[in-house]
Amino acid sequence: MDTQNEIIIGVISGILTSAILFIAVNFFQNTVLPAIRQLVYKGVDVSGSWHWENHFATVAKLELKQSADRLVGAFTYVNTGNSIFKTFAVKGQIQDRFIQLQLQSNDQQKLGVLSYVFEVVGDGSELRGCSSFYATNAHRIESERESFFRDAAIAKKLAHDKKIA
């Protein structure tokens, strides 16, 4: 074999080895590790739909998917009084019964950043905590105490009760 063939074989071997290692690492990180984490995780399951409503014709829905202690999902905010409709991508984590969520607007042309810290309370049907967000109309960062419920009817009833009070 001449030197030129040996170089070509060496380069091709290196490329194939790199490709195999890349595939193996991705498989391990995206399939094996999540499966192991799910088997080991013994905490509360918060996946599913969560609802919030207030007496100013505003509703929000938080859709969470959980893989062990990691959370991803979508958040939808609708204010029918002001014709505002916003959607956000959600990433977060849960530790014990405490949840941290970071929300980023799906509309890259508008500001939209929110953070939530929740506690799973009661029988696991309520997330109670605070949000921090940039209020575009007030031009400052604000926070509010909020509760989300698995049952939309409970969120609606509590919003109605606050309106009467």
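A residue is called buried when its relative accessible area is under 20%, exposed when that area is over 50%, and partly exposed in between (1.4 Å probe, protein chains only). The views below show a predicted model, in which local features need pLDDT of at least 70, side-chain atom pairs count only at pLDDT 80 or more, and totals for chains, interfaces and linings use all residues. Residues are numbered from 1 along each chain as its sequence is written, and side-chain values use heavy atoms, with hydrogens and water left out.

**View A. Tyr116 and Phe148 form an edge-to-face aromatic pair.** Rings of Phe, Tyr and Trp (its six-membered ring) pair if their centres lie within 6.5 Å; planes under 30 degrees apart count as stacked, over 60 as edge-to-face and the rest as tilted. Both Tyr116 and Phe148 are buried. Tyr116 has a relative accessibility of 4%. The two ring centres are 5.7 Å apart, with 90 degrees between the planes. The partners are separated by 32 residues in the chain, Tyr116 lying in strand E6 and Phe148 in strand E8; strands (E, at least two residues) are DSSP runs, numbered from the N terminus.

**View B. Phe75 and Tyr116 form a tilted aromatic pair.** Six aromatic pairs are found in the whole structure. Phe75 is buried, at 2% relative accessible area. Phe75, Phe88, Tyr116, Phe118 and Phe148 form one aromatic cluster.

**View C. Glu119 forms a salt bridge with Arg97.** A salt bridge is a side-chain nitrogen of Lys or Arg within 4 Å of a carboxyl oxygen of Asp or Glu, and the count by this rule is four. Here the closest N and O atoms are 2.7 Å apart. Glu119 is in strand E6, whereas Arg97 is in the loop between E4 and strand E5 (98-105), 22 residues away. Glu119 is partly exposed at 25% relative accessibility, and Arg97 is partly exposed at 41%.

**View D. Arg128 and Glu126 are joined by a salt bridge.** The N to O distance is 3.1 Å. Arg128 is partly exposed, with a relative accessible area of 43%, whereas Glu126 is buried at 14%.

Conventions: Helix = DSSP H or I, 4+ residues; strand = E, 2+ residues; numbered from the N terminus.
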